[in-house]
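The exercises below are to be worked with the sequence and the model at hand. Each task is followed by a solution in steps.

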Amino acid sequence: MAGSLPEHLSSVPVGVTQLSRRQIAHHRRDRVLSAAVDVFAGRGYRGATVDHILVAAKIGVGSFYELFDNREDCFLQTYDRVAATGRERVESALSVDRPWLERICVGLRALLASIASGPKAARVALIEVQTAGPAAQARHQAMLDSFIPLLREGRELSPDGASLSPSVEPAIVGGLAFLLEQRISAGEIESIEDLLPDALEILLAPYQREEEAAPVERSVSSATVSIGPEPTPLMVARAAVI
Amino acid sequence: LIAGLAVAVGEHGYNDVTITHITEAASVSRRAFYEHFESKEDCFLAAFEVVVGHIHQLVDEAMEPIPDWPHQVLAALRAILGFLSSEPNLAHLCLVDSMAAGPAVAERFRATVQTFIPLLEPGRAERASARPLPDSTEDSLVGAVASLLSRSIAAGGTARLLELLPDVSEFVLTPYLGPEEARRLALEVAED
C-alpha cells in the first residue's frame, strides 16, 4: 500500500524517532494538564504552586519548565484545554441544522451537561479563571462574548428585535454566567442541569413578548398587530424542553 | 487608607500593589496600616464593605421619596451608576479588581451583588401575567447588571458609565413590566 502513495505521503524512516518523541511530549503535556485541572480546582489558582503540580503530575521541575513558562502559563494552557473541551461539546450540539430556538435549547443543555460531567474543569473554566491574572480574564471574557452572535440571531424572531439595545446579549450572558458561578462556587454542580428551564426562560425573555400580559393594550398597538402569534413557537418549544 | 488603597490599586493593579504603595498613597505609616488591617486582602474586603454600605445608603435615600416600584428601581440604578462614575478608583476597585483579588473577595463580591435582589422582588407583584417568573430571575438580573458595569468600567473607565443607564433600566424592568413599558421607562430615563 505504502508504495502506491505519493512520495511526500509515505512514511519517512528518518522521522520515526522524532515523531514518537513528539508524541511522548504530547502525551506528557496531556497528563500534566489533567493533573493541573485537579490542582487548580482543588487549591484555587492562588493556592496552587508549581510544586503541587509537579507532585500531582509526577514530573520533574525540568520537565515542567520545558512545557510551561511559569505557573500562569500552565494555568492558561490548562484553561484553554478545558474551555476547548466544553466548547466542542456545545458546538457539536449547535452544529445541527435546526431552528435557532432548538439550537439554543440543545446548546444550553450541552453546556450544563458539560459542567455537570466535569466539576473540576468547570471550576477552572468559570471561577478560577477570574483570579488568574489579566490574560486569563481576557480569555474568559472572550469566551463569554463568543456566545453573543448566536444569541443575537434571536432578534430575527423577536417582534422587538430591531429596537433591542446592544447591551441585551452581554447582559444575558453576564446574568447566566452569574447563575453558573453561584452554583459552582457553592459546590452545587451535580444538580446544575436543573437550571435548564430557568436559564432558558431567562435567556429567551428579551426576545419574546408575554402573550398573556395586558392583552387589551396589546391588540391596539399597531406594532403587535402584524406579529400575529409569533411568540407561540417559542412558548411551545420551551414547554417541550421543560 | 481605603482611598489610598483605591489609588494604589488603580496605579499598580491588585496583584502587584504592596502595603507600601497603599500607605504612601494614604500618607500613613505602616504601623497605622497594621493597626487597622491584617493584610492587603483584609484591607480590600474592608474597602469593599465600606463602598457597598455607602451605595446601599444612596440607594435607600434615592428610593425613599418615590411611591411606585418602577421609578424606585430607576432611581436606585441612577444612584448606583452616578456614584460609580463619580468615584472611578472605587468603581474599578469594587467591580473590576474584586474579581481578580482571590476567592475570598470574589465570593464576597457575589454575595454583595445578591444584596440588591430585594430591590427587584417587589416587581413580581407588578406583573400582568399569572405565569410566575423563574426563581433565578433576580439573581440573573443583578448578575447581568454587575457584569455590564464591570465590562464597561474595565473597557473604558467610568466617564461614560451613566450612558448605560437606559439600557440597564430597560433590561432590569423587562421581565416585570414587559418590553413595551420597560422601553417607555428607559426612554424617560434617557431624556432626564
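**Exercise 1.** Which residues does A199(A) touch, not counting residues up to four places away in sequence?

Solution. The model is a predicted one. Begin by placing the residue: A199(A) lies in helix 10 of chain A, which covers residues 196-204. Next, look for its contacts, leaving out residues up to four places away in sequence; A199(A) then touches L108(A) and L176(A). Now turn to R109(A): 90 residues separate it from A199(A) in sequence, while their C-alpha atoms are 9.8 Å apart in space. The relative accessible area of A199(A) is 5%, and a residue under 20% counts as buried, so A199(A) is buried.

**Exercise 2.** Find how helix 6 of chain A and helix 9 of chain A are oriented to each other, and which residues meet.

Solution. Two packed helices are described by the angle between their axes and the distance between the axes. Here the helices span residues 119-126 and 168-185 of chain A, and their axes come within 10 Å and cross at roughly 130 degrees. Helix 6 of chain A and helix 9 of chain A are therefore oblique to each other. The crossing of helix 6 of chain A past helix 9 of chain A is left-handed. On the side of helix 6 of chain A, the residues that meet the other helix are A122(A), R123(A) and L126(A). Helix 9 of chain A contributes L180(A), E181(A), I184(A) and S185(A). Sorted by kind, the residues of this contact are four nonpolar, one polar and two charged.

**Exercise 3.** Do the corresponding task for helix 1 of chain B and helix 6 of chain B.

Solution. Helix 1 of chain B (residues 2-12) and helix 6 of chain B (residues 88-100) have axes that come within 8 Å and cross at roughly 70 degrees. That angle makes the two helices roughly perpendicular. Helix 1 of chain B passes helix 6 of chain B in a left-handed crossing. The contact involves I2(B), L5(B), A6(B), V7(B), V9(B) and G10(B) from helix 1 of chain B, and N89(B), L90(B), L93(B) and D97(B) from helix 6 of chain B. Seven of the contact residues are nonpolar, two are polar and one is charged.

**Exercise 4.** Which residues touch the most other members of the largest nonpolar core?

Solution. The core has 134 residues, and those touching the most other members are F40(A), F75(A), L203(A), L84(B) and L149(B). Take F75(A) and set aside its neighbours within four places in sequence: its contacts are F40(A), Y45(A), V124(A), E128(A), V129(A), A132(A) and A136(A).

Definitions and conventions: Residues numbered from 1 in each chain as written. Chains lettered and ligands numbered in written order. Predicted model: local features only at pLDDT ≥ 70, side-chain atom pairs only at ≥ 80, totals over all residues. Heavy atoms only, no water. Axes fitted to C-alpha atoms, helices over the stretch in contact; angles between N-to-C directions. Helix = DSSP H or I, 4+ residues; strand = E, 2+ residues; numbered from the N terminus. Parallel < 35°, antiparallel > 145°, perpendicular 65-115°, else oblique. Left-handed = near helix turned anticlockwise from the far one by under 90°. Contact = heavy atoms within 4.5 Å. Nonpolar A, V, L, I, M, F, W, Y, C, P; charged D, E, K, R; others polar. Core = buried A, V, L, I, M, F, W, Y, C linked by side-chain atoms within 4.5 Å. Buried < 20%, exposed > 50% of the residue type's maximum accessible area, 1.4 Å probe, protein only.
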